[in-house]
Amino acid sequence: MTGPGPALGPSRQSTPYPPPACSGAATGPAAPGAQRPLSGSSTALCRRARGRAGRRSTGNPAGAGGGRSEAGRAGSARAVRGRPQCLPAELPAGRLRAQQSRAGALVRLSLPLFSPAALSMAGAPLGDLLSFRAFRAACPAGYEYGYGYGGGLSGLREREFPRLRGITYLDHAGSALFPESLLKAFTDDLRNNVYGNPHSQNISSKLTHDTIEHVRYRILQHFHTTPEDYTIIFTSGCTTALKLVAEAFPWIPGGTKQPSSRFCYLTDSHTSVVGIRGITGSMNVSSVPIKPKEILLSEKNRLSAEEQNCTTPHLFSYPAQSNFSGTKYPLSWIQDIKSGKLCPIKIPGKWFVLLDAASYVSSSPLDLEVHQADFIPISFYKIFGFPTGLGALLVNNRIAPLLRKTYFGGGTAAAYLAGEDFYFPRKSIAERFEDGTVSFLDIIALKHGFDVLEKLTGGMEKIKQHTFALAHYTYNVLSTLKYANGAPVVRIYSDTDFSNPDVQGPIINFNILDENGEVIGFSQVTEWPVGNQGLLYDRNWMVVNQNGVCITQKQEPRLCLINPSIDLKKKIMVIQAEGMDPISVSLEENTGKETVISESKVCSHRVKTYDCGERIAVWFSMILARPCRLIRQSSDMSHQKNTKGLASATNISLSLVNEAQYLLINVASILQLKEHISARLEEPLEMEELIRRFRANIVISAPESFEEEEWAEISIGALRFQVVGPCSRCQIICIDQQSGERNKEFMQSLSVARGRKTNFGIYLMNQPLHSSLPDMLSVGSQVLPVLKENMEIQPPTSSEEKCSG
């Protein structure tokens with residue numbers, strides 16, 4: 001994390017300016033020439049960055065920071081802190097849903113996200129509080145972790161979930177994980193038995209039919225009810241079950257002599273429930289959203305005896321457990337609403353209840369003998385992880401005869417005539433609504449799902465206790481984490497304090513915040529490939545005029561208004577500018593015979609390039625209102641930089657830069673400079689704007705300002721960088737990278753602040769890679785600096801200084 005000072009204690013964090021960044025925490029001064037060990041790493045928590053090809057860049061590397069090409073900052077989006085920009089609308093970003101831990105598939109919130117040395121909780125070191133011993137001690141009384149496995153779950157996890165080695169799975173709310181024994185039992189069953197189509201009449205078909213009926217009974221048994229009270233209708237999932245209710249419910253439309261029906265739903269309902277209003281709307285039936293607090297106050301809507309005698313059917317739907325926050329809504333509402341004690345809206349008629357139980361039953365027992373909802377849709381993969389694409393609608397037999405059906409598919413008709421309008425449905429409610437052949441092999445898998453669930457966990461009550469213990473502990477740790485300035489690290493979306501499993505399920509929905517309280521989104525790109533010339537695709541392109549001469553922001557400030565972004569999956573660079581349609585350039589090199597290789601200059605260096613084509617040239621000429629073209633460096637003809645005077649003299653390959661592969665800046669140095677510059681300007685500058693002006697491709701957060709100028713080399717992860725020298729800035733830092741406006745006062749302020757020098761940031765080189773695959777520079781990696789010894793690293797020559805900014 002970065003911001004006004006080391007966010008997670010004295011940490012050193014780097015941010016490669018295509019999305020990657022690195023961090024660590026210094027433990028103290030080190031002797032010259034020695035590596036400074038770093039205690040832990042403060043990761044950029046789900047930090048948002050877009051993998052841009054340059055914040056606002058398209059131009060000549062001459063004059064760019066660190067020899068940066070204005071056009072070639074491929075992938076160089078800033079991955080430091082700050083508000084996300086130009087991102088799609090979404091639910092709370094960084095949304096992780098940690099739900100049930102099925103038979104050892106532990107839902108542990110992995111916290112390498114925080115530096116144990118820097119954070120504390122209730123006065124104790126965070127590292128101690130994240131230990132398994134602390135977790136067991138924090139388990140609430142009466143709630144057992146581990147399904148009764150006294151020796152822990154490691155053996156069960158290894159046996160049943162070996163595929164989870166090295167993986168932390170946090171989407172059990174999306175889908176449970178199936179254990180190995182379930183898959184083995186199911187496949188053994190298929191190998192040993194012949195299951196035919198249940199609609200046929202033969203021995204294998206009868207086996208299938210009887211097995212399906214056994215599974216129906218097993219499902220009813222699991223929910224503590226019987227075939228006398230409920231019918232199981234198999235569907236492809238919970239959503240299909242909800243749609244079936246919407247289509248078959250006996251709605252009375254508006255505009256008739258009878259009072260019309262209403263569909264009411266809790267505002268905290270799943271999308272598939274809210275979507276029912278599309279069907280009811282087409283039937284001229286009104287839909288009414290109800291807030292949870294309105295239900296609690298709905299006793300005032302209680303109907304008179306005469307109004308309760310009205311037979312108009314209304315439907316109220318609510319989730320037993322919120323998919324969003326894990327809040328468990330009272331199952332007592334079912335009987336209260338059906339009896340008229342609670343009334344969602346004051347309207348005569350009879351209320352039926354649709355209980356969306358898909359999320360709830362994945363980790364909690366549901367007793368339908370006590371809580372007799374009229375409709376209960378479920379999805380089985382939420383419980384077992386396998387099979388997917390199979391759900392069911394449990395229908396209370398008292399309303400089943402009222403359901404309507406217009407379409408009839410295979411297996412649902414007792415008799416029909418093709419030539420006449422005659423159709424007679426099957427007597428069984430299940431067969432009447434299961435159009436076509438059910439997914440009978442998947443249904444058979446459910447039998448083994450129930451068997452294995454009972455064997456491994458002991459049943460849903462133990463799962464409820466196990467998952468609540470995990471959620472309770474995780475909530476307490478997350479809610480207590482603080483930055484050094486006292487600001488919370490996370491914002492949890494919950495109506496409870498996770499103290500009672502009867503009102504809170506094991507779903508934790510949260511945002512990670514920076515030290516200023518701003519949300520850090522999940523859209524961050526957290527790592528970027530490193531090639532032999534630096535960050536992959538970084539500064540591979542530049543804009544030239546009609547004579548092939550590079551155009552820089554010095555001549556054309558509007559270059560900063562052009563936004564390239566790299567899409568590694570599609571292998572394209574997308575270039576955007578306000579008022580223009582986006583245009584894309586292939587990342588694949590044009591190596592055809594028709595490709596013309598030309599010679600261009602980057603400051604005093606000659607480079608080989610080729611033209612990107614007429615279509616791209618027209619686009620750039622329109623946005624800049626002058627003839628220009630986009631050219632790309634030829635990869636097999638990169639220019640070299642002799643690094644004599646450094647620790648290991650060699651020729652380093654460069655992209656379209658004049659000085660070095662990387663430019664590094666330190667947030668602590670930015671903060672100190674900000675104080676000096678803001679005092680001289682009419683309007684104070686924000687950190688974001690300052691970082692953009694210096695256009696580095698690695699940003700770190702070190703404990704001390706300008707300590708980077710004392711380093712001889714640094715290591716970030718597996719990558720080793722040598723410091724080439726300081727970056728002497730030019731007039732490009734006077735350009736606002738968002739508006740293109742100039743302010744010469746900025747350069748003068750830098751000179752005064754730095755004692756008549758304009759140095760800011762350091763140049764880095766890294767040794768050529770020997771692997772055929774690119775290495776990765778990642779957010780959260782440690783930064784290990786080596787201090788200078790007695791030798792002085794030579795600064796750039798005066799002629800080269802003019803080409804930096």
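Strands and helices are taken here as DSSP runs (E, at least two residues, for strands; H or I, at least four residues, for helices), numbered from the N terminus. β19 covers residues 541-545, and 5 bridges join it to β25 (residues 628-633), the two running antiparallel; pairing requires that DSSP finds at least two bridges between two strands. Because 5 of the 5 residues of β19 are buried, the strand is largely enclosed by the rest of the structure. Buried denotes under 20% relative accessible area, exposed over 50%, and partly exposed the range in between, with a 1.4 Å probe and protein chains only. Both faces of β19 are covered, with buried W541, V543 and N545 on one side and buried M542 and V544 on the other. In a regular strand, side chains alternate between the two faces of the sheet.

Residues are numbered from 1 along each chain as its sequence is written, and side-chain values use heavy atoms, with hydrogens and water left out. As the model is predicted, local features need pLDDT of at least 70 and side-chain atom pairs count only at pLDDT 80 or more, whereas totals for chains, interfaces and linings use all residues.

For the protein as a whole, the secondary structure comes to 20 helices and 34 strands. Of its 805 residues, 56% count as buried. Among contacts (heavy atoms within 4.5 Å) with a separation of 6 or more, 73% link residues 24 or more positions apart.

Turning to the helices, the axes of α17 (residues 667-680) and α18 (residues 687-694) come within 10 Å and cross at roughly 110°. This makes α17 roughly perpendicular to α18, since angles of 65 to 115 degrees fall in that class, while those under 35 count as roughly parallel, over 145 as roughly antiparallel and the rest as oblique. Axes are lines fitted to C-alpha atoms, for helices over the stretch in contact, and angles run from 0 to 180 degrees between N-to-C directions. On the α17 side, V667, I670, L671, L673, K674 and I677 meet M687, L690, I691 and F694 of α18. By class, this contact has 9 nonpolar, no polar and 1 charged residues. Also in α18 is R692, which counts as buried because its relative accessibility is 8%. The C-alpha atoms of R692 and Q737 are separated by 6.4 Å, although the two residues lie 45 apart along the chain.

An open sheet of 3 strands, with antiparallel pairing, has the order β14-β15-β16. Its edge strands, β14 (490-492) and β16 (519-520), each pair on one side only. Helix α15 (residues 460-480) packs on this sheet, touching β14 and β15, and its direction makes about 130° with that of β14. Strand β15 (residues 510-513) is joined to β16 by 2 bridges, and I512 has I520 in β16 as its bridge partner. N511 is also found in β15 and, at 2% relative accessibility, counts as buried. A polar contact of 2.4 Å joins the side chains of N511 and Y493. Such a contact is a pair of N or O atoms within 3.5 Å; within protein, one must be able to donate a hydrogen and the other to accept it, and residues adjacent in sequence count only if both atoms are side-chain atoms.

Note on methods. Nonpolar A, V, L, I, M, F, W, Y, C, P; charged D, E, K, R; others polar.
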